[in-house]
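Visitor: I would like to walk through a model and ask, at each stop, what stands behind the words used for it. Could you show it to me first?

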Amino acid sequence: MQQRQLGKNGPLVSALGLGCMGLSEFYGETSEDESISLLHHALDLGVNFLDTADMYGHGKNERLIGRAIKGRREQVILASKFGLVRSEGGYIEGVAGSPEYVHKAIDASLKRLGVDVIDLYYQHRIDPQVPIEETVGAMAELVVAGKVRYLGLSEASPAMLRRAHAVHPITALQTEYSLWTRDVEHEILPTCRELGIGFVPYAPLGRGMLTGRIQSMQALGQQDWRQSQPRFQAEHFRRNKEFVSKLAEIAREKQCAPSQLALAWVLAQGDDIVPIPGTKKRAYLEENLGALKVQLTSTDLASIEAALPLEAVSGPRYGPDDFERIDIVTPSRK
């Protein structure tokens, strides 16, 4: 398995990690036994970077990961996140980043995961009501206490990254990045590189759209969260299928799957980038790992850039009430 270093002084991780959110909710029905089997298979194949969060499945995902890595903890670089607060009914109520909440959240996550330490601990979203210096200061206390090894942020602005990094080294930033979501290229990636912060793209396959397997909305179950996402709806969906068709044409020329080309493109954007595609199926896990064998030349990258311009993508990233839209300005509430 190819490895990459997270940040200037962070851990070595598999060049492709595994995003575990979908193993518990958001993308249709799940099976805990099948998920455990998938996670074991990923570890057997050399994938050692597992990404979860306390809000995935309302704690269920962390318990799942804990069960899967029992007896294999030394094989795993374990990442989790805190800060998105859910009600008992499962709704996202907002963001929490107070020092008191940080200490409460880590103890709950360690218990669910069944571990003594989390390797990489992210703030899931920045709390607009709490200075980032206070939140990261509390996170730094977790490092001193031996509960956390490295700190990360998710969906933070360049300004927030700088302020956080001045309090304690930030090892990684996790933000959406793929062929159809490239906002980070303007300021965020350059800031990460200036500060020596690793970059972890989530949804590097456009939530499955870039695999080419989603040909109709009927293919998604009624419980699938993508049913509510703008890029998967009506005219946006039709236009985005055209985008994916062009991606598939290039993939055929490279003799690889569209998913492999999409992941290879993200990997080619820098050795400091470690994507975390998610899947519930062994075959797709293996297909994703095949991206590590796809070599893209400068000519290939130029061809992809010309054929798949960002303006060809239709629709915003998220809907107005989506939990992922929570940013440094306004917490989402329902």
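Guide: Welcome! What covers the buried residues of helix α8 includes strands β1 (3–5) and β11 (198–202), together with helices α7 (234–254), α9 (282–289) and α10 (298–307). Please keep in mind that this is a predicted model.

Visitor: What makes α8 mostly covered?

Guide: The count does: ten of its ten residues are buried. Among them are Pro258, Ser259, Gln260, Trp265 and Leu267.

Visitor: What does α8 (residues 258–267) give to the largest nonpolar core?

Guide: The largest nonpolar core has 81 residues, and the largest share of this core, seven residues, comes from α8. The residues with the most contacts inside the core are Leu39, Leu153, Leu173, Leu179 and Phe199.

Visitor: Which residues does Leu179 touch, not counting those up to four places away in sequence?

Guide: Leu179 touches Ala262 and Trp265, and also Leu210, Phe243, Leu247, Ile304, Leu308 and Leu310.

Visitor: Why might one expect nonpolar side chains to be found like this?

Guide: In soluble globular proteins, nonpolar side chains tend to be buried together.

Visitor: Why is Ala203 called buried?

Guide: Its relative accessible area is 13%, and buried means under 20%, so Ala203 is buried. Ala203 lies in the loop between β11 and α7. Its phi is near 50°, a positive value in a residue other than glycine.

Visitor: Where is His58, and what is its phi?

Guide: His58 is found in the loop between β4 and α2, and its phi is near 60°, again positive in a residue other than glycine.

Visitor: How do you know which accessibility class His58 belongs to?

Guide: The relative accessibility of His58 is 33%. Buried would need under 20% and exposed over 50%, so His58 counts as partly exposed.

Visitor: Why is α2 described as largely enclosed by the rest of the structure?

Guide: Seven of its ten residues are buried, so α2 is largely enclosed. The buried ones are Asn61, Glu62, Leu64, Ile65, Gly66, Ala68 and Ile69. What covers them includes α1 (32–44), β4, β5 and α3 (99–113). After α2 comes Gly71, whose phi is positive, near 85°.

Visitor: What puts Gln75 in the partly exposed class?

Guide: Gln75 has a relative accessible area of 30%. That value lies between the limits of 20% and 50%, so Gln75 is partly exposed. Its place is in the loop between α2 and β5 (77–82). Not counting residues up to four places away in sequence, Gln75 touches Leu43 and Asn48. The C-alpha atoms of Gln75 and Val47, 28 residues apart along the chain, are separated by 8.9 Å.

Visitor: Why are α5 and α6 called roughly parallel?

Guide: Helix α5 (residues 158–167) and helix α6 (residues 188–195) pack at an angle of about 20°, with their axes 9 Å apart. Angles under 35 degrees count as roughly parallel, and therefore α5 and α6 are roughly parallel to each other. On the α5 side the contact is made by Pro158, Leu161, Arg162 and His165, and on the α6 side by Ile188, Thr191, Cys192, Glu194 and Leu195. By class, this contact has five nonpolar, two polar and two charged residues. The crossing of α5 and α6 is right-handed.

Visitor: And how do you know that α7 and α10 are roughly antiparallel?

Guide: α7 and α10 pack at an angle of about 160°, with their axes 10 Å apart. Angles over 145 degrees count as roughly antiparallel, so that is what α7 and α10 are. The crossing of α7 and α10 is right-handed. Lys246, Ile250 and Lys254 in α7 meet Asp300, Ser303, Ile304 and Ala307 in α10. The contact of α7 with α10 has three nonpolar, one polar and three charged residues.

Conventions:
Residues numbered from 1 in each chain as written. Predicted model: local features only at pLDDT ≥ 70, side-chain atom pairs only at ≥ 80, totals over all residues. Heavy atoms only, no water. Axes fitted to C-alpha atoms, helices over the stretch in contact; angles between N-to-C directions. Helix = DSSP H or I, 4+ residues; strand = E, 2+ residues; numbered from the N terminus. Parallel < 35°, antiparallel > 145°, perpendicular 65-115°, else oblique. Left-handed = near helix turned anticlockwise from the far one by under 90°. Contact = heavy atoms within 4.5 Å. Nonpolar A, V, L, I, M, F, W, Y, C, P; charged D, E, K, R; others polar. Core = buried A, V, L, I, M, F, W, Y, C linked by side-chain atoms within 4.5 Å. Buried < 20%, exposed > 50% of the residue type's maximum accessible area, 1.4 Å probe, protein only.
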